[in-house]
Amino acid sequence: MKNSPIIALDFASSEDVYQFLSPFEQSLFVKVGMELYLQEGPSIVYKLKEMGHDVFLDLKLHDIPNTVGQAMKGLARLGADLVNVHAAGGKEMMIAAKEGLEAGTAAGKKRPSIIAVTQLTSTSEQQMQKEQLIHKTIEESVIHYANLAKSARLDGVVCSVLEAKKIAEVCGNEFLRVTPGIRLAEGDAHDQVRVATPVNARKLGSSHIVVGRAITKAENPVQAYENILKMWEEHA
Ligand code: C5P
């Protein structure tokens, strides 16, 4: 799996994706989320893999263990490099998800890595306390979910940059810390709350960053990507 910034392909159709990708010359690490997957289905994943890109299939599964396990068995066949579930689905669900992936991975192929979403980067501490009735700090909640994911033997978590270092300390450096909510200093936070720049993400212990609108909505997406890649690589 590459370590370059993961570009969130939050587009509504494959035509928009191909148009967006056409000026890029290198192979990328891209993220297919529910907006795109629910329109295009498995073919978009096959196509991106054929084009030589690494794919994070960000469907954030959250259901009863049997359903998630069976869904992951099917997803394993698509060839994505990274998939995810919501840690809030519980340890048993996460174990079933990984078992499903293992069962669905063809002999001789690599099992996709699997990570758990802790608290969404669009969630504030106040909102978490009021709406989820979790009377803890957001960091405590995120660390708790990271430990739960680790105990289910997942490969890592999705978290904000602000919790990445602590998770590396508690769960080990091998445990992935994939962090969305990346903004250039002067950029707009949009709907994200817990945000950071690519430089801070690197300094604060992200293993991978996910960048959507700062690239996809830029006037020159290739240039924006190159700038972010440079910031990310220079501070390694
Ligand atoms: O445009 P922006 O950079 O905010 O996009 C972030 C991407 O990361 C979106 O595709 C969003 O669904 C995803 N994501 C997130 N927070 C998480 C998990 C995934 O923002 N916890």
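## Basis

Residue numbers start at 1 along each chain as its sequence is written. The model is predicted, so local features need pLDDT of at least 70 and side-chain atom pairs count only at pLDDT 80 or more, while totals for chains, interfaces and linings use all residues; side-chain values use heavy atoms, without hydrogens and water.

## Largest pocket

The largest pocket has a volume of about 620 Å³. A pocket here is an open set of points on a 1 Å grid over the protein atoms alone, where a 1.4 Å probe fits, with protein on both sides within 12 Å along at least five of seven lines. A volume is the space filled by probe spheres set on the points, which are joined across faces, edges and corners.

The lining of the largest pocket holds 30 residues. Lining residues have an atom within 4 Å of a point. Asp10, Lys31, Asp58, Lys60 and Gln192 lie nearest the centre. By class, the lining has 12 nonpolar, 9 polar and 9 charged residues (nonpolar: Ala, Val, Leu, Ile, Met, Phe, Trp, Tyr, Cys and Pro; charged: Asp, Glu, Lys and Arg; polar: the others, Gly among them). At least two lining residues come from each of strand 2 (29-33), helix 2 (34-40), strand 3 (54-61), strand 8 (208-211) and helix 10 (213-216). Strand 3 gives the largest share, 3 residues. Helices (H or I, at least four residues) and strands (E, at least two) are DSSP runs, numbered from the N terminus.

## Second largest pocket

The second largest pocket has a volume of about 250 Å³. Its lining has 15 residues, with Gly79, Ala80, Lys109, Lys110 and Pro112 nearest the centre. The lining divides into 5 nonpolar, 4 polar and 6 charged residues.

## Helices 4 and 5

Helix 4 (residues 65-75) packs on helix 5 (residues 91-104) at about 25°, with the axes 7 Å apart. Axes are lines fitted to C-alpha atoms over the stretch in contact, and angles run from 0 to 180 degrees between N-to-C directions. Helix 4 and helix 5 are therefore roughly parallel (under 35 degrees; over 145 is roughly antiparallel, 65 to 115 roughly perpendicular and the rest oblique). Their crossing is right-handed, meaning that the near helix is turned clockwise from the far one by less than a right angle.

Helix 4 makes the contact (heavy atoms within 4.5 Å) through Pro65, Val68, Gly69, Met72 and Lys73. Helix 5 contributes residues including Glu92, Met93, Ala96 and Ala97. The contact has 8 nonpolar, 3 polar and 2 charged residues.

## Helices 7 and 8

The axes of helix 7 (residues 138-151) and helix 8 (residues 161-171) come within 10 Å and cross at roughly 40°. That makes helix 7 oblique to helix 8. The crossing is right-handed. Among the contact residues are Ile138, Val142 and Ala146 of helix 7 and Leu162, Ile167 and Val170 of helix 8. The contact divides into 8 nonpolar, 1 polar and 4 charged residues.

## Helices 1 and 3

Helix 1 (residues 14-21) and helix 3 (residues 42-50) pack at about 20°, with axes 11 Å apart. They are therefore roughly parallel, and the crossing is right-handed. Ser14, Val17, Tyr18 and Leu21 of helix 1 meet Ile44, Lys47 and Leu48 of helix 3. By class, this contact has 5 nonpolar, 1 polar and 1 charged residues.
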